[in-house]
Amino acid sequence: MTEPSYIRLYETGELRERVERLEAMLASCDICPRDCFVNRLKDEVAACHSGYLPVVSSHTPHFGEEPPLVGKNGAGNIFFGNCNLRCVYCQNFQISQRHREQRVNEVSFERLAEMMLDLQSRGCHNINLVSPTHFVPQIVKALLIAAERGLRLPIVYNTNAYDSVEALKLLDGVVDIYLPDLKYSDDDSGWRYSKIEGYATRAQAALREMYRQVGHELAFDGDGVLQRGLVVRLLVLPNDQAGIRDSLLFLRDELSPKVALSIMAQYFPVNQATVARNPLLSRKLLASEYWNALDLLEALGMEEGWVQEFESADYYRPDFTDASVPFKDIRDFQGPLSSAYVPAPTLPKVPRFHVPSAT
Ligand code: SF4
């Protein structure tokens, strides 16, 4: 296993300086592009309903991420409570949109560091920070403690991509693997479905910064576990509401056709994705919609990544009332060491995509 990049920052004292600079941003919070300008050091809260201390809803080994993150022992997921978006179809709405219930999940920085070390002691291959955006300073503060106590796992930044470029610059060399969702290709959809202004504009700027930091090369260890790089997730929505083609064009033309993709079929209508409130999102994906999205990979010349099984919507629904195992263990469905991303026959012009066979 190669040494994660934050160790060098820790040894030079730079990591401590990053903590100080990030914490200063909390005094008039512009940690994400919402720019609420409240003083979170004094526990003032705004759009993300989050004060000074981090909120952790669950920490657990997880086997539902992309194969090179899961490895044999699982990704070390830390699910943060609350969120800076309000996605009407959020599958994690129990923890992302019920801030009053999440108050009991506030933890100290020492406790967050202990969770990281616990996941390492359980054999996880990385620390997978799920919805980290609104807690970036708190995470790096806990990481400093954990690094002092022996944490040596790569850090995965698993984000909705509504991140500020300024905060991301302070994560340069802290994060080993960027794992952003590019949710929509236009700002209007971001407003309609996630109640956020300028989503596509800000997310594309964030992805440019992530790409500047780590490029498109993926670095693996000898067991095929990802150590460094960028993997962009595209969740295919019903009725083409994510604008997959335009997002692929952005990624191909403004980043690289070699940027690794993760194409996701797991959409299931929950939360406010009802016929009455959001009719275009009120059903599961059709197989034809998913295969149309996969066809675009070859048509547009994308070269790298993974795709989910079409059936993944049937077993990808978490229940955070059991915080120790919020996702049913997908190995129960698919046998040991497998994930929802199934290696299968490769397409001729996209040889490194792992594509499930058509049904
Ligand atoms: S992190 Fe929270 S308080 Fe800060 S700008 Fe974003 S939504 Fe507002």
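In this predicted model, helix H2 (residues 14–26) and helix H7 (residues 136–148) cross at roughly 155°, and their axes come within 8 Å. An angle over 145 degrees counts as roughly antiparallel, and H2 and H7 are therefore roughly antiparallel to each other. H7 also packs with helix H6 (residues 109–121). The protein chain has 13 helices and 10 strands, and a ligand is surrounded by 14 residues.

**Helices H2 and H7**

- The crossing in which H2 passes H7 is left-handed.
- On the H2 side, the contact is formed by Leu 15, Arg 16, Arg 18, Val 19, Leu 22, Glu 23, Met 25 and Leu 26. On the H7 side, these meet Val 136, Pro 137, Val 140, Lys 141, Leu 144 and Ala 147.
- The residues of this contact comprise 10 nonpolar and four charged, with no polar ones.

**Helices H6 and H7**

- H6 and H7 pack at an angle of about 65°, and their axes are 8 Å apart.
- H6 and H7 make a right-handed crossing.
- H6 contributes Phe 109, Glu 110, Leu 112, Ala 113, Met 116 and Leu 117. Their partners in H7 are Gln 138, Lys 141, Ala 142, Ile 145 and Ala 146.
- Eight nonpolar, one polar and two charged residues make up the contact of H6 with H7.
- Lys 141 of H7 takes part in the contact with H2 and also in the contact with H6.

**Helices H9 and H10**

- Helix H9 (residues 187–194) packs with helix H10 (residues 199–214) at an angle of about 110°, and the two axes lie 6 Å apart. Angles of 65 to 115 degrees count as roughly perpendicular, so H9 is roughly perpendicular to H10.
- Asp 187, Gly 190 and Ser 194 of H9 meet Tyr 199, Ala 200 and Thr 201 of H10.
- By class, the residues of the contact of H9 with H10 are two nonpolar, three polar and one charged.

**Surroundings of the ligand**

- Among the 14 residues that surround the ligand, the closest are Cys 29, Cys 32, Cys 36, Ala 47 and Cys 48.
- The shell around the ligand consists of eight nonpolar, three polar and three charged residues.

**Overall dimensions**

- Along the principal axes, the C-alpha atoms of the protein chain fill a box of roughly 50 × 50 × 40 Å.
- The radius of gyration of the protein chain is 19 Å, which agrees with a compact globule, because such a globule of 359 residues would have a value near 21 Å.

Definitions and conventions:
Residues are numbered from 1 along each chain as its sequence is written. This is a predicted model: local features need pLDDT of at least 70, side-chain atom pairs count only at pLDDT 80 or more; totals for chains, interfaces and linings use all residues. Axes are lines fitted to C-alpha atoms, for helices over the stretch in contact, and angles run from 0 to 180 degrees between N-to-C directions. Helices (H or I, at least four residues) and strands (E, at least two) are DSSP runs, numbered from the N terminus. Angles under 35 degrees count as roughly parallel, over 145 as roughly antiparallel, 65 to 115 as roughly perpendicular and the rest as oblique. Two residues are in contact if their C-beta atoms, placed from the backbone, lie within 7 Å. Ala, Val, Leu, Ile, Met, Phe, Trp, Tyr, Cys and Pro count as nonpolar, Asp, Glu, Lys and Arg as charged, and the others, Gly among them, as polar. A residue is near a molecule or strand if its C-beta atom, placed from the backbone, lies within 6 Å of it. A crossing is left-handed if the near helix is turned anticlockwise from the far one by less than a right angle, and right-handed if clockwise. The radius of gyration is taken over C-alpha atoms; the globule rule is 2.2 Å times the number of residues to the power 0.38.
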